[in-house]
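Reader: I would like a close look at one part of this model, and then its surroundings. Please keep it plain.

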Amino acid sequence: EEEEEEEEESSYDEEECAKRRTECARAMIDLERQFVKLREQLYQERITQVQQRLDGVRRETADEYKKPLADLEEMCRIRDSVADVYKQCRVSRNGKDEAPDLALI
């Protein structure tokens with residue numbers, strides 16, 4: 001009698017385990033599908049963001065573009081200004097004999 005009960009319980013346990021295993025496998029497949037979908041969605045959103053930033057750089061409206069460009073333009077203006085002052089100083093110091101040569105600077 002005990003053996004029959006154990007056999008029935010064992011059979012029931014095996015069926016329950018198989019049923020549970022199937023449920024878990026389905027849940028895992030569903031989670032994997034959701035993950036793939038979310039990963040693709042994230043990828044597409046990131047591509048869109050990169051495209052928008054790239055468009056902003058091309059139009060020269062992107063913040064990460066405008067500030068470095070403004071700094072570079074300012075450095076160029078300062079450099080030109082310093083070069084003009086340097087040229088004027090050399091011309092006034094050395095006389096007009098060297099002025100034609102300094103015009104090439």
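At what relative accessibility does C76 stand, and what does C76 count as?

Author: C76 has a relative accessibility of 40%, so it counts as partly exposed. That term covers values between buried (under 20% relative accessible area) and exposed (over 50%), with a 1.4 Å probe and protein chains only. This is a predicted model, in which local features need pLDDT of at least 70 and side-chain atom pairs pLDDT 80 or more, while totals for chains, interfaces and linings use all residues. Residues are numbered from 1 along each chain as its sequence is written, and side-chain values use heavy atoms, without hydrogens or water.

Another cysteine, C17, is partly exposed as well, at 45%. The count of disulfides, meaning pairs of cysteine sulfur atoms within 2.5 Å, is zero.

Now the wider chain. It has three helices and zero strands, and from the N terminus the order is α-α-α. Here helices (H or I, at least four residues) and strands (E, at least two) are DSSP runs, numbered from the N terminus. Between α1 (2-58) and α2 (63-94) there is a loop that holds E60. E60 is not a glycine, yet its phi is positive, at about 65°. With a relative accessible area of 46%, E60 is also partly exposed.

Of the 105 residues in the protein chain, 3% are buried. The chain exposes about 10100 Å², and carbon and sulfur atoms supply 52% of that. Such areas come from the Shrake-Rupley method with a 1.4 Å probe; for residues, only the protein chains shown count as cover.
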